[in-house]
Every structure is written in structure tokens, then in C-alpha cells.
Amino acid sequence: SFDESVMVAGAKNERHLLYEFWARPKRWYKYQPLDLIAKYFGEKVGIYFAWLGFYTEFLIPAAIVGFLTFLYGCFSIINDTLSYEVCNGPVGDSLMCPLCDKLCP
């Protein structure tokens with residue numbers, strides 16, 4: 001019935017609370033309500049979401065370091081002598097040329 005749907009105003013059940021505090025796009029940055037998830041979906045699913053949240057938070061510093069390393073590589077490749085020697089030096093017929101988009105001459 002309509003009274004039991006998720007869109008009903010007021011927190012009548014755990015499903016509505018999960019919708020209000022977890023399953024909305026605007027709530028992506030908030031912590032997960034693990035007790036409500038475990039109560040509604042079961043302990044195994046609650047543990048899964050707890051692990052997934054921990055693992056995602058654990059990977060954020062590694063992603064930041066990787067992105068900064070990528071940016072450093074993009075900005076410093078112009079001054080890299082090894083890349084210049086591979087493309088323009090005596091090994092110029094190499095197939096792996098990091099400075100050009102086509103095969104090296």
C-alpha cells in the first residue's frame with residue numbers, strides 16, 4: 001500500500017530511515033548507518049558494508065598518491081633526459097617512445 005512506501009513522510013520503519021540517511025545521492029560523503037543496515041538486511045550484509053567502507057577509506061590515500069605521481073610524470077616528462085634520448089638519441093628507432101603519439105622515426 002501507499003502508506004508503506006519509502007516516500008512516506010516520517011520515519012516509520014528501518015527502510016525509510018535507510019532511505020533518508022544512506023540511500024540518497026546527496027548522502028555519499030556521510031558514514032554508513034551500519035546498525036540499521038545490519039538490522040534490515042542481516043548481519044552478513046552489514047559486515048560486508050562495514051568491510052567495503054573500511055576498504056574504500058583505506059584506498060583513498062593510495063589513490064591520492066597515485067594521482068599526484070601521475071601529475072608529476074605528466075609535467076616532468078618534457079625535461080626527462082632519458083625519454084629524450086630514447087626518442088631522439090642513438091636508440092631512436094625504438095617502438096616505445098613516451099614523448100610522441102606515433103612510432104619514433
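Basis. I am working from a predicted model, in which local features need pLDDT of at least 70 and side-chain atom pairs count only at pLDDT 80 or more, while totals for chains, interfaces and linings use all residues. Residues are numbered from 1 along each chain as its sequence is written, and side-chain values use heavy atoms, with hydrogens and water left out.

Whole chain. I find four helices and zero strands, in the order α-α-α-α along the sequence. Helices here are DSSP runs of H or I with at least four residues, strands are runs of E with at least two, and both are numbered from the N terminus. Of the 105 residues, 15% are buried (under 20% relative accessible area, 1.4 Å probe, protein chains only).

Helix α2. This helix covers residues 34-41, and L36, I37 and A38 in it are buried. I noted that the buried residues of α2 pack against α1 (14-21) and α3 (43-76).

α1 with α2. The two helices pack at an angle of about 140 degrees with their axes 10 Å apart. Axes are lines fitted to C-alpha atoms over the stretch in contact, and angles run from 0 to 180 degrees between N-to-C directions. From α1, E14, R15, L17 and L18 meet L36, I37, K39, Y40 and F41 of α2. I sorted the residues of this contact into six nonpolar, no polar and three charged (Ala, Val, Leu, Ile, Met, Phe, Trp, Tyr, Cys and Pro are nonpolar; Asp, Glu, Lys and Arg charged; the others, Gly among them, polar).

α2 with α3. Here the angle is about 150 degrees and the axes lie 6 Å apart. L34, I37, A38 and F41 of α2 meet E43, V45, G46, F49 and A50 of α3. The residues of this contact come to seven nonpolar, one polar and one charged.

Note on methods: Buried means under 20% relative accessible area, exposed over 50%, partly exposed in between (1.4 Å probe, protein chains only). Contact means heavy atoms within 4.5 Å.
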